[in-house]
Each structure stands twice: as structure tokens, then as C-alpha cells.
Amino acid sequence: MSIPGPWKQVKKTTDELKMLGIRLDIILMQVLKSGNNSLFWLNYWIGNEILSIKFPILFGLEREKGCTLADSLIMVNGEICSTWGWLRTPCSGPEMVELRELLQLCQNVVLEDGNDKVGWDLDDLGDCPACGEADETTGHVFVSCSLAQAVWQAVSTWCMVPHIFAFSIRDILELYKFIKGSKRQAKFFHAVYLVSVWCLWKARNDIVFNGMAVTAEIVVGNIKALGYLWVKNRSGGSSCLGRIGVSLRYS
Ligand SMILES: [Zn+2]
């Protein structure tokens with residue numbers, strides 16, 4: 001069963017980045033509240049895979065690929081119940097195997113009032129390891145930290161797109177929707193933004209765990225290297241940036 005349009009693209013980008021060792025599940029986990037702004041199949045919210053990858057047959061049967069958790073699961077008398085909308089009822093052996101595993105995975109989910117957010121949810125936040133000037137929230141590390149700001153500025157210059165204005169990591173993940181250009185270009189920029197988030201995360205770990213001095217230049221160098229690798233891997237050649245219709249600065 002085929003997966004229509006944009007959802008196939010999102011899933012494919014995540015798969016491709018995973019092949020380069022980029023594990024966005026580690027940093028982009030949704031911290032659940034009501035499930036209203038987490039996508040059931042396409043965000044990381046449980047386990048270490050997005051569910052469209054873990055359960056590909058069921059995802060093919062899902063009528064609304066972009067449904068939220070709140071669309072898919074409801075609390076009834078303190079118990080979680082599923083409200084999936086299938087194109088047809090799962091019935092074959094492999095479908096039932098996936099369905100049983102999915103039900104098991106979801107049985108302990110608890111939904112409550114409030115908005116979900118992306119990233120870690122630590123009670124005891126330390127100072128940001130890069131600047132030491134604020135709490136180490138995802139919003140700070142990936143968006144407002146001076147290191148992150150310098151990186152986003154350089155990424156915009158490299159991609160020759162207007163400067164990125166974001167207030168949260170969610171804004172950054174949705175930036176590609178505002179790129180004026182073809183679907184291929186939007187997909188490329190989406191991948192670059194995801195790679196950038198990953199490299200900022202790696203930089204944070206290098207500072208904390210390896211005692212390294214990390215500069216924006218180093219982070220941007222890593223982003224460019226991984227960005228080129230992603231393009232090369234998916235098209236099998238270096239001339240493909242032209243085919244995507246993206247020009248990048250060389251410096
Ligand atoms: Zn900082």
C-alpha cells in the first residue's frame with residue numbers, strides 16, 4: 001500500500017538521516033500532555049522510532065497520516081482507548097502482528113491537560129554549557145543561545161535563504177513549509193535544518209562530555225559536511241544539488 005505525498009517525504013527524510021547516524025529521536029522526543037500537538041505517526045513520542053517507521057503496514061492503512069495523538073488515543077475512565085481511522089480494518093497476519101504490538105505500546109500512555117512540547121523535560125536544569133548564561137532548555141540550546149544564533153545565521157547564509165527567525169524548536173522544524181520553491185527544495189532545507197539541530201546537540205555533548213571548546217564555525221562545518229553527505233547518499237552523485245535546484249555558497 002502506498003503512502004501519499006508529503007507524509008512519504010517526511011518519513012523518507014527521517015529514514016535517510018538515520019542512515020547517516022543522525023538519531024533525531026534522541027533529541028526531538030515529544031513530551032506529552034494532551035497529545036494535541038504531537039503527530040501520532042510522524043513525531044517521536046514513544047520508544048525509539050517514529051511509529052510510521054516501526055509499523056509501516058498499519059501506517060499504510062491509516063486514513064489520516066498526519067493525525068495527532070489526541071485524534072488517535074482518548075482517555076476513558078482513566079484508561080487509554082484507540083480511535084484510529086483505518087482505510088479498512090486490519091485483518092491479515094502481518095497487520096495483526098503490528099496491531100497487537102502497537103496496542104501494547106500504547107496501553108500505558110497517559111494524556112492530560114496542557115500542550116505537548118518538543119525536547120527534554122528536566123526538573124533540574126543546569127546552565128547552558130555553551131554560554132553559561134541561561135537554563136539549558138531546548139528553546140535555549142537550539143534557538144536563543146548565542147552559539148545557536150550564530151549557527152542559524154551561517155546556515156541561512158550558506159543556503160542563501162533569508163535569515164531564520166524562530167522562537168522554538170517547533171518553529172525550526174516547520175520552517176521548510178515557508179520556503180518558496182519546489183518540493184525538492186523544501187525537502188532539502190528541511191533536511192539541512194534537521195542536520196543543524198543534530199549538530200547543535202552534538203556540540204552541546206562535546207562541550208559537556210569531552211570538554212571541547214566548540215565554535216559556531218566548527219558546528220557549521222559539520223552541518224555542511226553532513227548536508228553534502230545526505231545529498232550525495234540519496235542521489236548517488238555530487239551534481240544533484242543542481243537537480244534539486246539549490247545553490248549553496250562555497251565559503
Ligand atoms: Zn547558551
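Modeller: Contacts between residues 24 or more positions apart account for 64% of the contacts in the protein with a separation of 6 or more; two residues are in contact if their C-beta atoms, placed from the backbone, lie within 7 Å. This is a predicted model, in which local features need pLDDT of at least 70 and side-chain atom pairs count only at pLDDT 80 or more, while totals for chains, interfaces and linings use all residues. Residues are numbered from 1 along each chain as its sequence is written.

Colleague: How many helices and strands does the protein have?

Modeller: Helices (H or I, at least four residues) and strands (E, at least two) are DSSP runs, numbered from the N terminus. Here there are 12 helices and 4 strands.

Colleague: At what angle do the axes of H8 and H10 cross?

Modeller: Axes are lines fitted to C-alpha atoms, for helices over the stretch in contact, and angles run from 0 to 180 degrees between N-to-C directions. For H8 (residues 146-159) and H10 (residues 183-210), the axes come within 11 Å and cross at roughly 150°. The two helices are therefore roughly antiparallel, a label for angles over 145 degrees.

Colleague: Which residues make the contact?

Modeller: H8 contributes Leu-147, Ala-148, Val-151, Val-155 and Cys-159, and H10 contributes Phe-189, Val-192, Ser-196, Leu-200 and Ala-203. They divide into 9 nonpolar, 1 polar and no charged. Ala, Val, Leu, Ile, Met, Phe, Trp, Tyr, Cys and Pro count as nonpolar, Asp, Glu, Lys and Arg as charged, and the others, Gly among them, as polar.

Colleague: Which residues touch the most other members of the largest nonpolar core?

Modeller: In soluble globular proteins, nonpolar side chains tend to be buried together. A nonpolar core is a set of buried Ala, Val, Leu, Ile, Met, Phe, Trp, Tyr and Cys residues joined through C-beta atoms within 7 Å. A residue is buried if 20 or more other C-beta atoms lie within 10 Å of its own, exposed if 12 or fewer, and partly exposed in between. The largest core has 57 residues, and Ala-148, Val-151, Val-195, Val-197, Leu-200 and Val-219 touch the most other members. H10 gives the most to this core, with 13 residues.

Colleague: Where does Asn-77 lie, and is it buried or exposed?

Modeller: Most residues other than glycine have a negative phi. Asn-77 has a positive phi of about 50° and lies in the loop between strand E2 (73-76) and strand E3 (79-82). Asn-77 is exposed, with 5 other C-beta atoms within 10 Å.

Key. Parallel < 35°, antiparallel > 145°, perpendicular 65-115°, else oblique.
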